[in-house]
Amino acid sequence: MGLRVVISAGEVSGDQHLARVVRSLKSLVPDAEVRGMGGKECRAAGAELVVDCYKSGAAMGFLELFRSFRGIFSSFKSMTSLVSSWKPHVVVLVDYPDFNLRLAKRAKANGCKVLYYIPPKVWAWRSGRVESIKRSVDRVAAIFPFERDWYRSHGYEAVTYVGHPLTDHNKAATQQEHRSDSVILMPGSRKFEIERMLLPMLKAFERIRASKPTLQAVVLLADNMSEEWAQQQAARAVSADTLSAIAWKKGNVIAEMQRARAGILKSGTCNLEGAIAELPFVCVYSGTLLAKMIVSTFVKLKEYSPVNIMKAGTVRELIRVKHDEVELERELLRVLEDGPARQKMINDLRDVREALFSFESSAGQAAEVAGRVAAVVVEMSGEVAAPKESRAEAVES
């Protein structure tokens, strides 16, 4: 019997990441069977879904946990039944920790090897979960280089750094020596983020443009955000003249960042895109003082931007930006103008970029992260050897 792999993704991003792994795995081992929990991307890649995470309620976030409990319980029951009856060689988990750590425990009890790709951010909060990983996870495929050392400092050695998925489609990205006189504004993908963060971003841009009239802005909106609605919000904050200097766009994030001179970015994945583009930027949040106190209490980090987690002090982080537009203006000016502060940030971002593009040789030499994860799966299975031809094709792809 061929290689049997169970997959478990509970959210849209996990479905997308796992789909790439499934495709790479089938290139390495054409007769591999893949079953489990995912969505339309995993199904299109050739996985047989026992649970459709979009329909089952498993894709709901933390705030919807109680409302979707019945769907999550049913999904967990279906997945544990699959593991115990089908006896896969390897169970591959992606993110979604509250569900997947429990599934890992059941899989381990059934004698399965367990790989956790994109593991829980235990280095940020709920670090006690590392004990569950020690007991139930055979190997972690990490996407940040610092995770390797963090886990090892907590007594867990089985960590392979496979590289970050963002690097897969940006290997040929060339850095621009001469950037346009423009700033990138990325306020987030939710309406409340637009309301809280876009307006102070625009006001800071407007104030700076008073002394730099050639300065332009590009607002990069998430695909789910209405451009018309966002523009209506903007019209409440700045003048018609300022609005005429703003372009509204979606997609091509890194390409747009490479053309711009600086940016104001909401904390998150876009910060890593900024590092890949070597774009000097200010990182912003918006929340209440109470929220800040709660985060400071429970999250064991001094800095929250993923760029700063990789290299401390790389970019300036502003919390409660809604209430401090003057500081936002000042920090944007610092990265716009030539000088030691801007150059240091570019150098630090370049270091982060290089770290993102690195990976451990033990993960294989495939061109993409998913291929390296698939190579780890095959290695862990210890049961099926991929045909040499298929291996070569996967490495070259």
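This is a predicted model: local features need pLDDT of at least 70, side-chain atom pairs count only at pLDDT 80 or more; totals for chains, interfaces and linings use all residues.
Among contacts in the chain between residues at least 6 apart in sequence, what percentage join residues at least 24 apart? Here it is 67%, where contact means heavy atoms within 4.5 Å. Hello everyone, and let me walk you through this one.

A word on the ground rules. Residues are numbered from 1 along each chain as its sequence is written, and side-chain values use heavy atoms, with hydrogens and water left out.

Now the overall view. The chain has 18 helices and 13 strands; these are DSSP runs numbered from the N terminus, with helices being H or I of at least four residues and strands E of at least two. Of the 397 residues in the chain, 54% are buried. Buried means under 20% relative accessible area, exposed means over 50%, and partly exposed is in between, with a 1.4 Å probe and protein chains only. The accessible surface of the chain is about 18,300 Å², and carbon and sulfur atoms hold 52% of that. Those areas come from the Shrake-Rupley method with a 1.4 Å probe, and for residues only the protein chains shown count as cover.

Let's go inside. In soluble globular proteins, nonpolar side chains tend to be buried together. The largest nonpolar core here has 130 residues, and I7, L25, L115, Y117, V140, Y151 and V183 touch the most other members. A nonpolar core is a set of buried Ala, Val, Leu, Ile, Met, Phe, Trp, Tyr and Cys residues joined through side-chain atoms within 4.5 Å. Helix α8, residues 191–209, gives this core its largest share, 9 residues.

Take I7 as an example. Leaving out residues up to four places away in sequence, I7 touches L18, V22, V34, R35, G36, M37, C42, A47, M79 and V92.

How many disulfides does a search of the whole structure find? The count is 0, with a disulfide being a pair of cysteine sulfur atoms within 2.5 Å. For C42, the nearest cysteine sulfur is that of C53, 7.6 Å away. C42 counts as buried because its relative accessibility is 0%. C53 also counts as buried, because its relative accessibility is 0%.

Next, please find helix α17, residues 369–381. Its 13 residues should span 18 Å at 1.5 Å a residue, and its end C-alpha atoms are 19 Å apart, which agrees. The expected span is 1.5 Å times one less than the number of residues. This helix is mostly covered, with 11 of its 13 residues buried; V373, V376 and M380 are among them. Just after α17, G382 takes a positive phi of about 60°.

M380 has a partner from elsewhere in the chain. V114, in strand β5 (residues 113–117), is 266 residues from M380 in sequence, yet their C-alpha atoms are 8.6 Å apart. M380 is one of the residues V114 touches, and others include V91, L93 and D138. V114 counts as buried because its relative accessibility is 0%.

Helix α7, residues 145–153, has P145, F146, E147, W150 and Y151 as its buried residues. Their cover includes α6 (130–136), β6 (139–142), β7 (159–161), α14 (306–310) and α16 (340–356). After α7 comes G155, with a positive phi near 85°.

Most residues other than glycine have a negative phi. N252 has a positive phi of about 50° although it is not a glycine, and E278 has a positive phi near 55°. N252 sits in the loop between β10 (246–250) and α11 (253–259), and E278 in the loop between α12 (269–276) and β12 (281–284). N252 is exposed, with a relative accessible area of 59%, whereas E278 is buried at 7%.
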